[in-house]
Amino acid sequence: MDKLQNNIRKIIEKNGLKITFVIEKTGISKSHFYEIMNGQAIPSLKNAIKISEVLKVSLKEIFPNEF
């Protein structure tokens, strides 16, 4: 599987958030969140929306090559 390019880490850092805060707010397991963030797993639409809501950005900002 090709890595899914995303900007999750950049957005978290830009907003001064902690990864653990984002994980807690999304309700996604720590291991799965890191897999998503590192491009090793593709999030479900439900999880992608949760991530975008917590980060307060659009899905396109997180996954620019997918939309």
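Exposed means over 50% relative accessible area, and buried means under 20%. These cut-offs apply to the legends below, which describe a predicted model.

**View 1**
An α-helix has 3.6 residues a turn, so residues three or four places apart point the same way. Glycine 27 follows H2, and its phi is positive, near 80 degrees.

**View 1. The largest nonpolar core.**
This core holds 19 residues. Ile8, Ile12, Phe33, Ile51, Leu55 and Ile62 touch the most other members. At least two core residues come from each of H1 (8-14), H2 (19-26), H3 (30-37), H4 (45-55) and H5 (59-62). H4 gives the largest share, four residues.

**View 2. Surroundings of isoleucine 51.**
Which residues does isoleucine 51 touch, not counting those up to four places away in sequence? They are Ile8, Thr26, Ile28, Phe33, Ile36 and Ile62. Of these, Ile8, Phe33 and Ile62 are, like Ile51 itself, among the core residues that touch the most other members.

**View 3. Asparagine 7 and its partners.**
Asparagine 7 sits in the segment before H1. A polar atom of its side chain lies 2.9 Å from the backbone oxygen of glutamate 61. Leaving aside neighbours within four places in sequence, asparagine 7 contacts Glu61, Ile62 and Pro64.

**View 4. Lysine 56 in its loop.**
The loop between H4 and H5 contains lysine 56. Its phi is positive, about 60 degrees, although lysine 56 is not a glycine. Is this residue buried or exposed? Lysine 56 has 75% relative accessibility, so it counts as exposed.

**View 5. The whole chain, for orientation.**
The protein chain has five helices and zero strands. Its elements run α-α-α-α-α from the N terminus on. The radius of gyration is 11 Å, close to the 11 Å that the globule rule gives for 67 residues, so the chain is as compact as a globular protein of that length. The C-alpha trace spans about 30 × 20 × 20 Å along its principal axes. Buried residues make up 40% of the 67. Among contacts between residues at least 6 apart in sequence, 59% join residues at least 24 apart. The accessible surface is about 4,500 Å², and 50% of it belongs to carbon and sulfur atoms.

Note on methods: Residues numbered from 1 in each chain as written. Predicted model: local features only at pLDDT ≥ 70, side-chain atom pairs only at ≥ 80, totals over all residues. Heavy atoms only, no water. Core = buried A, V, L, I, M, F, W, Y, C linked by side-chain atoms within 4.5 Å. Buried < 20%, exposed > 50% of the residue type's maximum accessible area, 1.4 Å probe, protein only. Contact = heavy atoms within 4.5 Å. Polar contact = N/O pair within 3.5 Å; in protein donor to acceptor, adjacent residues only side chain to side chain. Rg over C-alpha atoms; globule rule 2.2 N^0.38 Å. Areas by Shrake-Rupley, 256 points an atom, 1.4 Å probe, with all protein chains shown as cover.
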